[in-house]
Amino acid sequence: MIEIEDITKAYNGMPVVDHVTLTIQPHTICAVVGTSGSGKTTLVRMINKLVQPTSGTIRIDGEDIAGMPAYQLRRRIGYAIQGLGLFPHRTVGQNIATVPKLLGWDKGRIEARVEELLELFGLDPAEFRDRMPNELSGGQQQRVGVARALAAGPNILLMDEPFGALDPLIRAKAQEDLLAIQRRFGTTIVLVTHDMEEAIYLGGTIAVMEKGRLLQAASPQQIIAAPATPFVAELIGTAERPFRLLSLARVADHIEPGEAAGEPIEADLSLRDAYAELLWSGRSAAPVRREGEVVGRVSLDRLGRLAAQPQ
């Protein structure tokens with residue numbers, strides 16, 4: 001658990017983070033979202049002491065981090081940023097091994113961990129272990145950066161706009177990978193983003209910041225249905241709210257009895273994606289497939305009614 005209590009960071013008397021209190025539950029993803037200059041990056045960088053607070057307290061699992069040496073704290077916390085910061089003159093394997101080496105792991109344990117993470121991120125160790133960062137695509141570099149951040153098995157992973165430089169298709173895959181990794185390891189992830197779509201997709205909790213202050217911290221459903229301020233509502237986008245709500249639900253929970261023609265839609269697809277598929281294919285309904293078997297259908301009419309329901 002990360003407890004941020006009445007944290008302020010001021011430069012020349014001007015607060016960039018202004019009396020923020022936020023609790024991040026263990027084994028969850030908290031997306032900190034806001035416009036440029038809202039204080040979100042500064043807030044997250046105080047968790048690993050890259051920035052020292054002017055006042056307030058941060059506790060990790062009940063322990064005040066003020067008394068912890070920064071280098072010890074950072075070895076317990078993974079950190080991934082936009083651009084990734086891979087060491088250009090070290091191989092992929094050497095990059096991933098950075099923190100385990102600092103911690104004194106033996107060679108065999110390090111090699112096994114590097115291999116495990118490369119395989120986990122879909123990078124064949126035999127092919128990628130000895131490559132240099134400049135020989136990788138942007139998406140591959142991103143995966144190596146996250147693998148390096150996770151190498152020593154940290155309980156906490158801080159991510160500052162890690163997908164911002166990726167094109168939309170690679171970004172979507174990177175987000176899927178992150179959710180899979182989080183589910184596998186149970187890591188507590190704090191993700192900084194300016195993209196509300198990304199925050200809604202990834203965050204179990206969304207913390208909205210503006211001008212250094214925390215405006216609202218709640219589940220995506222609560223943020224969309226009941227924005228606390230006009231600024232939060234503006235970030236969500238009034239016209240897009242129904243479709244954002246559809247993105248939070250799965251087809252599996254809204255299967256109708258009956259048959260439909262055409263290519264089936266997978267049950268684990270979001271209602272928003274199913275709605276888009278029906279519109280693009282010009283169908284009023286589509287069969288739903290779960291574990292290889294057609295189990296019913298989903299209709300454009302039902303999805304339209306769900307989107308139109310008042311919240």
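Two strands are said to pair if DSSP finds at least two bridges between them. Helices (H or I, at least four residues) and strands (E, at least two) are DSSP runs, numbered from the N terminus. The model is predicted: local features need pLDDT of at least 70, side-chain atom pairs count only at pLDDT 80 or more, and totals for chains, interfaces and linings use all residues. Residues are numbered from 1 along each chain as its sequence is written, and side-chain values use heavy atoms, with hydrogens and water left out.

**Stop 1**

Next, select Lys49, in the loop between helix H1 (40-45) and S4. Its phi is near 65°, a positive value in a residue other than glycine. Lys49 is buried, with a relative accessible area of 11%; buried means under 20% relative accessible area, exposed over 50%, and partly exposed in between (1.4 Å probe, protein chains only).

**Stop 2: the nonpolar cores**

A nonpolar core is a set of buried Ala, Val, Leu, Ile, Met, Phe, Trp, Tyr and Cys residues joined through side-chain atoms within 4.5 Å. Which residues have the most contacts inside the largest nonpolar core? They are Ile96, Phe121, Val144, Leu157, Met159, Phe163 and Leu178, in a core of 32 residues. At least two residues of this core come from each of helix H3 (92-96), helix H5 (107-120), helix H7 (138-150), strand S7 (156-160), helix H8 (168-185) and strand S8 (188-193). H7 gives the most, with five residues.

Centre the view on Leu157 and display its contacts, that is, heavy atoms within 4.5 Å. Leaving aside neighbours within four places in sequence, the residues in contact with Leu157 include Gly78, Tyr79, Val146, Leu178 and Val190. A second, separate core has 26 residues, among them Val20, Ile60, Val190 and Met209.

**Stop 3**

Move to Leu179, which lies in helix H8. Leu179 is buried, at 15% relative accessible area. Not counting residues up to four places away in sequence, Leu179 touches Ile29, Tyr201 and Leu202. A distance drawn between the C-alpha atoms of Leu179 and Gly203 gives 9.6 Å, for residues 24 apart along the chain.

Then select Lys211, in the loop between strand S9 (205-210) and strand S10 (213-218). Is Lys211 buried or exposed? Lys211 is exposed, with a relative accessible area of 67%. Its phi is near 55°, again a positive value in a residue other than glycine.

**Stop 4**

Select helix H13 (residues 271-281) and show its buried residues, Leu271, Ala274, Tyr275 and Leu278. These cover an arc of only 100° around the axis, which puts them on the same side of H13; the arc is that of the directions from the helix axis to the C-beta atoms. After H13 comes Gly282, whose phi is positive, near 70°.

Continue to strand S12 (residues 285-290), which pairs in the parallel sense with strand S11 (residues 265-266) over two bridges. Here Glu266 has Arg289 of S12 as its bridge partner. On S12, also examine the antiparallel pairing with strand S13 (residues 293-299), which extends over six bridges. Ala285 stands opposite Ser299 in S13. S12 and S13 form a hairpin with two residues between them, and Glu291 in the turn has a positive phi of about 50°.

**Stop 5: the whole chain**

Finally, select the entire protein chain, whose secondary structure comes to 14 helices and 13 strands. Its radius of gyration, 21 Å, is close to the 19 Å that the globule rule gives for 311 residues, so the chain is as compact as a globular protein of that length. The radius is taken over C-alpha atoms, and the globule rule is 2.2 Å times the number of residues to the power 0.38. Buried residues make up 47% of the 311 residues.
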